[in-house]
Amino acid sequence: MTYVAHDESAFVPPFEVEEPELYHPKTFIGKYIWSQDAKVIAVQYSITAIAVGLVALVLSGIMRLQLGFPHVFSFITPSTYLQYVTMHGMIMVIYLLTALFLGGFGNYLIPLMVGARDMVFPYVNMVSYWVYLFAVLLLMASFFVPGGPTGAGWTLYPPQAILDGTPGASWGIILMLVSLAFFIIGFTMGGLNYVVTVLQARTRGMTMMRLPLTIWGIFMATILALLAFPALFVSAIMMTLDQALGTSFFMPALVSKGQQLAYNGGSPILFQHLFWFFGHPEVYIVALPAFGIVSDLISVNARKNIFGYRMMVWAILAIGGLSFMVWAHHMYVSGMNPYFGFFFATTTLIIAVPTALKVYNWVLTLWRGDIHLTVPMLFAIGFIFTFINGGLTGLFLGNVPVDIPLSGTMFVVAHFHMVMAVSPILVVFGAIYHWYPKVTGRMLNDTMGKFHFWVTFLGTYAIYYPMHYLGFLGVPRRYYAMGNTVFIPESAQTLNEAITIAALIVGAVQVVFIYNLFWSYFNGKPSGPNPWRATTLEWQTPETPPKHGNFGPTLPAVYRWAYDYSVPGATEDFIPQNQPPGKWAKGLEDKPDASELGPLDSTSGIPKPLTGHS
Amino acid sequence: MSQSALTGTGETLPRSPGMQGVVADWSSDQRAFKQVPWGKAMMWIFLLSDTFIFSSFLISYMTVRMSTTAVWPNPSEVFALTIAGKSVPLILIAIMTFVLISSSGTMVLAVNYGYRKDRVRTFVFLLLTAALGATFVGMQAFEWTKLIVEEGVRPWGNPLGAAQFGSSFFMITGFHGTHVSIGVIFLIIVAIKVLRGDLDNERPGFLTGRKGNYEMVETMGLYWHFVDLVWVFIFAFFYLW
């Protein structure tokens, strides 16, 4: 069979930039606490994000208890219920998912996958984590201040967010806003690192179009975050001023508890625009890394190259660009001009095109692949299911006439949990099962992993499928209890009970995952450097886990794209990116070493002598 | 015709002119922007992000100016100074703007002398830039004092008209003034490092960049010009409108 490698070259240009000098600390504290090594920072980010995510998971369990069995638990009052809703949403979206995908996976994978020693500014990268931790501590502190955390809903809409009567309107909201501002400052420090590392610090031979899709996803998500977070930053500052100094940026003249307040002339709609100018790209900040990682998981475990690599890259770029033009579809019910509604509905539906293209390409990658149903692959396939479900309901809600009756109901809750909560979380799990061996040198336990997957995946459907029906019945979201709502049938409550039971089971099973992380760290099967037989650079490091500097004495040179799986004619079913041409092909086995071959023209695709690679 | 660029390792890199060169750079390995050091790339991306912050501030200011029903004070009168018995509109702002724009000129000279490795002149012009920046902040403090003490303007209200006038003014000029102050501090740090010769001797470290290369002065300059440019927009939208 003839050898048909994609995008392979024998020549690798020389280094353009001198290697940076890395700061090698000697003490334990320098290595693992105040560390400038992106890999250690990644683990710090991940542990913090998962810890704070567990808090949010417990909050969601409490909310479900209240919805399933109202008036049973006396410690859940209407106020605390709203506080749990708010904190659950904000923690999950920003402090867990954004931090874990960009701070965690971004830090770990970018230098390793592009073939760099470290991030370009290791010191700034370290500060980024500590500012993030400070933001998390500020947020957690709001549980212990007078009045408790804010109960304004994760969207923090004014005027109610800072009015007396909303839980946490004095201390909680300030801590939330200041914590967000610090999160954004910390993220910017990290984000600049991620972008510049991808653009300017790739190794020899690593062109942009040879980057693994994981890196493309994280790269584009970081750009979105750098451009979207400013709007949230500004709105956080202005709302802090409104609350603390009595300015009227977002506050119109209004009467609260029978009192005319001093506020006058502000614009609450302005906050909604600023918030959603951040909030919609935020959906893709969480989704694009998931898209990228899932592409790699599927390709590795189907032992096939990703279908339509270039299309996948352009789809990521198109989604990123379009995501800045759709924000007002969150505001159809704010009374905006119907022509604007028409515009934003159109752009929203256009996003479905590149997104659907990605889904087709994942499925076409699976098509006739040599599928290995490993735990990461199970999570990746599970993601395709939940993402299609969540995406299709997104098409409903993108249309103004359908959205108006459904907005404010459980249908919306079901939609966005399917598409941007469960789907990215499934990818997070898959990615942890996939890269844990590289981080620790040990495999996660397979049996616990499969149990974790099936309960989580099926449980997801048990929770969110019925929730769509609740939405159609008109069950409103964010309500503490339904009360005497005549148009909602009694059976809705039965459904709510079932959802709660499913949610509690799924929540409890996450303990198995956490246990697995600890258990396997000590007792897991040693993984070796490349347990998944993957092509990308992080699996080709001389040590596992990689040492500071990642690649030993010489940086790898890249000769091919990231998806040379099951290449016809090759001896192995994968060819690492740093494998020079000439060693793999059956036809060349009896020929002299590639280094002894004479120079040949680039069109024939036959190896030239290699320079500068050991 | 092909141009060539010097790489960090001292080798020449053939480059194509125009769009072809851009396409070639982006499809090449290692660096998408040839010749651009890491610090400079980072500064450009940071400034892009910061642009979104200032845009959000200015758009918010325009929105609340439209949403409020109270009278918007006339900036020509509010920001007038009485000199020799005559009220001169916007005179202080005109001087402030002149000072800040001039500091961009001295910054350019500092970058120029930096690349010529004229350490003393680079130091002098960096310090001059910092001095002009500090003058700007000082005049801003004078303007704030006048508004707060004499006119009675507060973030939550003022006797001149719309409350949003004061709150937007303090927030936007305050945020910009913070940028200028941070810039002044860093200008002084870079100036001292230049004079001491840290940029020639020291291994890569805090604010030094690559050895023997004065790109850090240029990166500092990028930030400074950005702060000036933002001021032009604040001037146009807040004082002239």
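Student: Which residues in helix 4 of chain B meet helix 8 of chain B?
Tutor: This is a predicted model, where local features need pLDDT of at least 70, side-chain atom pairs count only at pLDDT 80 or more, and totals for chains, interfaces and linings use all residues. Residues are numbered from 1 along each chain as its sequence is written, with chains lettered from A and ligands numbered from 1 in the order in which they are written. From helix 4 of chain B, the residues include Ile93(B), Leu100(B), Ser104(B) and Gly114(B), and helix 8 of chain B brings, among them, Glu218(B), Trp224(B) and Tyr239(B). Contact means C-beta atoms, placed from the backbone, within 7 Å; helices are DSSP runs (H or I, at least four residues), numbered from the N terminus.

Student: At what angle do the axes of those two cross?
Tutor: The axes of helix 4 and helix 8 of chain B cross at roughly 160° and come within 10 Å. Axes are lines fitted to C-alpha atoms over the stretch in contact, and angles run from 0 to 180 degrees between N-to-C directions. That makes helix 4 of chain B roughly antiparallel to helix 8 of chain B (angles over 145 degrees).

Student: Switching topic, how many residues does each chain put into the contact between A and B?
Tutor: Chain A gives 44 residues and chain B gives 40 residues. On the chain A side, helix 6 of chain A has the largest share, eight residues.

Student: And what does Ile215(A) touch?
Tutor: Leaving aside neighbours within four places in sequence, Ile215(A) is in contact with Leu109(A), Ile110(A), Met113(A), Val114(A), Val198(A) and Gly292(A).

Terms used:
Two residues are in contact if their C-beta atoms, placed from the backbone, lie within 7 Å. Angles under 35 degrees count as roughly parallel, over 145 as roughly antiparallel, 65 to 115 as roughly perpendicular and the rest as oblique.
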